[in-house]
Each structure stands twice: as C-alpha cells, then as structure tokens.
Amino acid sequence: MPEAITNPHRHHWCQALGRVRRGVEALPPYRVSGRITRATGMVLEAVGLKVPLGSACRIELAEGMAEAEVVGFAGDKLFLMPLEAISGLTPGARVLPLGEGAQSARRFPLGESLLGRVVDGNGRPLDGGEPLAEAPHAPLATPPLNPLSRAPIEEQIDVGIRAINALLSVGRGQRMGLFAGSGVGKSVLLGMMARFTRADVIVVGLIGERGREVQDFIDNILGEEGRRRAVVVAAPADTSPLQRLQGAAYATRLAEGFRDQGRDVLLIMDSLTRYAMAQREIALAIGEPPATKGYPPSVFAKLPSLVERAGNAQRGGGSITAFYTVLTEGDDQQDPIADSARAILDGHIVLSRSLAEAGHYPAIDIEASISRAMTAIVDRDQQARAQRFKQLFSRYRRNQDLISVGAYTPGHDPQLDQAVQLYPHLERFLQQRIDESAATAPTQQALAQLIGGTS
C-alpha cells in the first residue's frame with residue numbers, strides 16, 4: 001500500500017489511541033464498592049463504603065442498575081433510599097458511589113432550554129420532547145443568601161386576582177402560603193395566577209399530586225399561554241418520597257437559576273404539605289422518632305431551608321415571588337405543617353370551604369387572610385381602604401344570623417347599617433370568573449369608588 005495512503009490512517013489511529021489512553025489514565029487505579037446487607041421497606045442498609053450524606057450511589061440488580069441516595073448512617077452502616085421502585089435486588093448486591101466529594105452530587109439541567117417543558121424530579125422530560133443533555137447542569141445545593149444583602153420587598157406585583165391585588169397585596173419577592181382543604185379551588189386559583197401574573201418566568205412544582213391532576217393542570221389550568229414561559233416539575237404521588245423531595249428542591253433550583261440571570265420569577269409549589277410528608281416518610285424509615293402529631297423534627301428543619309431559598313436577590317437583581325399551597329387536614333388551620341408554614345411565610349391566603357360550597361369564587365376568606373408585606377408596598381390611602389373594606393365585610397358576617405332571621409332593625413347601629421347596604425357590592429367585588437384578569441390599577445380604582453366616601 002502506498003505511503004501516502006497509510007500515513008493518514010496511521011495518524012487517525014494514533015489520535016484515537018491517545019484519547020483512549022488519556023481516558024484510561026484519568027480513571028482511579030481501583031474502584032471502591034460496598035454491599036447491601038439489609039432491605040426493609042423503603043430503606044436499604046449497606047456496608048463497606050464511606051461516602052458523605054446526600055451522595056448518589058448505584059446498586060447492581062439482577063438486571064441493570066438502580067440509583068439511590070445516602071439518607072443516613074449508623075456506625076459503619078449506610079442507609080440508602082432508591083429514587084425509584086426496584087426489583088431484582090439480591091442479598092450482597094454491590095453498591096458503587098457515583099463519584100468522590102463534590103462529584104458525588106447529581107447534576108440537573110437548568111436554563112432557557114427548559115422553558116415550555118415538563119420534567120420529572122431528575123430533570124428528565126415527561127412531555128416526549130428532546131432530551132436536555134445539552135442544557136447546562138448544576139447540583140441542587142446552593143449557598144444561602146446573606147439576609148442583609150437581599151433587596152427589600154417594596155414593589156407590588158400584579159397577580160391578576162382582584163381580592164389579592166386590592167386587599168392582600170403581594171410584593172415582588174414575597175413568599176405567600178395558600179391554605180386550603182381538598183376540593184376548594186386552590187389549583188384553579190394557582191392556574192389563574194400563573195396565567196395573569198406579571199413575571200418573566202414561571203416555575204411550577206407539582207409535588208405529590210395525583211397523576212391525573214398533573215395533566216389537568218398543564219392542559220386546562222396553566223394553558224398554552226402560561227406554559228410558553230413556564231417550566232413544570234412533576235413528582236406525582238406514586239413516585240418515591242426521595243423523588244418528591246428532590247422535585248421540590250429542583251423546582252426551587254430552577255427558579256434560583258433564572259433569578260441569578262436577573263429575571264423576575266413566579267414560583268408555584270403545590271404542595272408544601274406533600275413535601276413535608278415525603279420528608280416524614282424518609283425520617284421515620286431511618287428511625288427518627290416522631291415529635292409533633294407524627295412529624296419528626298427534621299421535617300420542621302427542612303421547611304424553612306426550602307422556603308428561604310425564594311425571595312429577592314441583591315438590589316438590582318432578579319426575584320422569586322413564591323406561592324406555596326398548604327393542605328389543611330379537615331380544614332384545620334392548626335395542623336402542625338400549616339402552623340409551621342404560617343410562621344415562616346410572608347403571609348397567608350385562606351380558602352374557605354363554606355364559601356366554595358356557596359358558589360363564591362375564588363373562595364378567599366378575607367377575614368382569615370393577611371399579607372405581611374402590604375404596608376411596605378401600598379400607600380396609606382390604599383391601606384385605609386382595604387382595612388375599611390374588611391371592617392364592613394366582617395361586621396356584616398358577624399351579624400348575618402340576626403339579619404337572616406329578621407332581628408336586625410336599621411337605625412340603631414350606623415356602621416352595621418352601612419355594612420348591610422354595601423355587602424352585596426363587597427361580595428360582588430370579591431368574586432371573579434376563572435377567565436377574568438383583574439389588573440392592579442383598575443382594581444384599586446374600583447375599591448376607591450366602593451369605599452371612598454365611607455368612614
């Protein structure tokens with residue numbers, strides 16, 4: 001064979017062998033592995049490894065591999081929890097760490113390529129679209145922001161809901177809770193806010209919901225308009241508790257990524273209670289004792305660490321305005337998770353079952369709801385009108401039984417007379433159609449016309 005032909009081939013093979021050699025040299029001289037010694041419930045026990053808490057591992061099965069995370073240890077034993085249901089696990093199965101040190105943390109796709117996409121808690125597409133291998137990847141953990149370097153909440157954000165814009169004003173970077181029992185319209189209200197809120201990017205975390213509700217939220221509630229500028233992270237109820245925890249953390253990490261680019265982000269988490277329940281399942285499985293109504297102490301430590309990641313960045317930077325739904329079991333507002341969430345959030349919006357049953361939508365209980373940042377983001381006249389509205393509304397509700405039975409006589413209580421006269425208008429002001437957007441400026445004008453001359 002002529003030399004002119006063989007030389008290019010030789011050069012090509014030399015390059016290929018060089019790449020293989022460099023790859024082999026980069027590998028460690030040996031690979032550490034452990035073995036499974038016990039499997040009880042959701043937790044696997046392994047020995048023979050020394051890896052940090054939170055590290056990712058792979059477990060060899062009869063067919064294939066399964067990924068798991070280190071969730072605890074006792075002496076030389078590691079407690080692992082698989083990310084998905086596994087089959088084919090055998091006694092003594094090998095456990096391989098994914099990496100050493102910082103490399104042992106899994107990395108997740110972030111950035112612009114996720115807009116309009118639906119992904120699971122691992123960042124894998126659920127919508128049948130293209131894989132996200134080309135997107136920039138990063139671990140979930142981020143250093144906490146210095147509380148003194150955060151920009152204050154001083155600018156109102158338009159959420160498109162009349163009752164909230166007028167009486168429970170929400171600021172840019174505020175974290176609000178939506179407290180409700182099941183079936184009172186919280187998901188529909190979240191969908192309205194997702195469509196109508198003035199935000200650059202929307203990140204939706206559907207944590208622990210039924211699979212049917214995930215599809216319904218994306219297609220019917222979020223809609224095509226909302227989905228174009230949104231990322232949806234879905235970790236339904238049938239996924240492992242670790243996947244649910246990871247889904248909530250991933251949704252928050254996505255929001256942080258957009259905030260760091262200077263964007264104004266709306267983060268919707270449905271629900272914070274399912275996140276707490278997932279942590280309870282993990283904690284009880286590894287032997288942590290229950291403390292408050294079956295919830296171990298780690299649950300109440302996890303909640304603020306998740307919520308505090310939202311909010312404003314430094315002045316001139318982006319923001320994360322967050323809405324977290326909180327399920328109140330049996331409409332009990334003193335449920336331990338509801339009570340803990342109320343303490344760490346910047347306000348709470350309570351949805352009333354009695355209002356929902358009466359056809360009052362959205363079923364916001366104005367008397368039980370509050371926005372803690374409202375005094376910093378609206379002027380005194382707006383505050384006074386909102387306070388007067390609540391006073392009149394509450395005065396009528398307290399005397400509603402007397403009015404219904406005909407025991408009320410006009411002329412004895414001027415304030416009650418005024419409340420009775422205005423109540424139909426107040427009630428109409430609070431109601432809103434699902435497809436209706438109520439912007440801030442016209443809402444405040446309507447409130448001024450309704451309350452303006454009252455005292």
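How many bridges join strand 3 (residues 56–60) to strand 4, and do they run parallel or antiparallel? The count is 5 bridges, and the two strands run antiparallel. The legends below start from the whole chain and then move to close-up views.

**Figure 1. Overview of the protein chain.** This is a predicted model, in which local features need pLDDT of at least 70, side-chain atom pairs count only at pLDDT 80 or more, and totals for chains, interfaces and linings use all residues. Residues are numbered from 1 along each chain as its sequence is written, and side-chain values use heavy atoms, with hydrogens and water left out. The protein chain has 14 helices and 17 strands. Helices (H or I, at least four residues) and strands (E, at least two) are DSSP runs, numbered from the N terminus. The C-alpha trace spans about 110 × 55 × 40 Å along its principal axes. Of the 455 residues, 51% are buried. Buried means under 20% relative accessible area, with exposed over 50% and partly exposed in between (1.4 Å probe, protein chains only). Among contacts with a separation of 6 or more, 72% are between residues 24 or more positions apart. Contact means heavy atoms within 4.5 Å.

Figure 2. The strands close in the order 1-2-5-4-3-6, and the pairing is antiparallel. Two strands pair if DSSP finds at least two bridges between them. From one strand to the next, the twist averages 45°. Axes here are lines fitted to C-alpha atoms, for helices over the stretch in contact, and angles run from 0 to 180 degrees between N-to-C directions. Strand 1 (residues 34–40) meets strand 6 (residues 94–97) over 2 bridges, in the antiparallel sense. There, glycine 34 has valine 95 of strand 6 as its bridge partner.

**Figure 3. Strand 3 between its two partners.** Strand 3 and strand 4 form a hairpin with 4 residues between them. In the turn, glycine 64 has a positive phi of about 90°. Arginine 58 stands opposite glutamate 67 in strand 4. Strand 3 is also joined to strand 6, by 3 bridges, and these two run antiparallel. In that pairing, isoleucine 59 stands opposite valine 95.

**Figure 4. Strand 12, an enclosed strand.** Strand 12 (residues 230–235) has 6 of its 6 residues buried, so it is largely enclosed by the rest of the structure. In a regular strand the side chains alternate between the two faces of the sheet. Here Ala230, Val232 and Ala234 point one way, while Val231, Val233 and Ala235 point the other way. Strand 11 (residues 201–207) pairs with strand 12 in the parallel sense over 6 bridges, and valine 203 stands opposite valine 231. Strand 8 (residues 118–119) also runs parallel to strand 12, joined by 2 bridges. Valine 118 stands opposite valine 232.

**Figure 5. The largest pocket.** Its volume is about 1100 Å³. On a 1 Å grid over the protein atoms alone, a pocket is an open set of points where a 1.4 Å probe fits, with protein on both sides within 12 Å along at least five of seven lines. Grid points are joined across faces, edges and corners, and a volume is the space filled by probe spheres set on the points. The pocket is lined by 41 residues, each with an atom within 4 Å of a point. Leu140, Ala141, Ala249, Lys302 and Arg309 lie nearest its centre. Strand 4 (65–74), helix 5 (241–260), helix 6 (272–285) and helix 7 (297–307) each give two or more residues to the lining. Helix 5 gives the largest share, 8 residues. By class, the lining has 22 nonpolar, 8 polar and 11 charged residues. Ala, Val, Leu, Ile, Met, Phe, Trp, Tyr, Cys and Pro count as nonpolar, Asp, Glu, Lys and Arg as charged, and the others, Gly among them, as polar.

**Figure 6. Arginine 259 in helix 5.** Arginine 259 belongs to helix 5. It counts as buried because its relative accessibility is 4%. Leaving out residues up to four places away in sequence, arginine 259 touches residues including Leu145, Arg150, Arg309 and Asn312.

**Figure 7. Two cis peptide bonds.** The bond from aspartate 270 to serine 271 is cis, with omega near 15°. Serine 271 lies in the loop between strand 13 (264–270) and helix 6. The bond from tyrosine 361 to proline 362 is cis, with omega near -5°.
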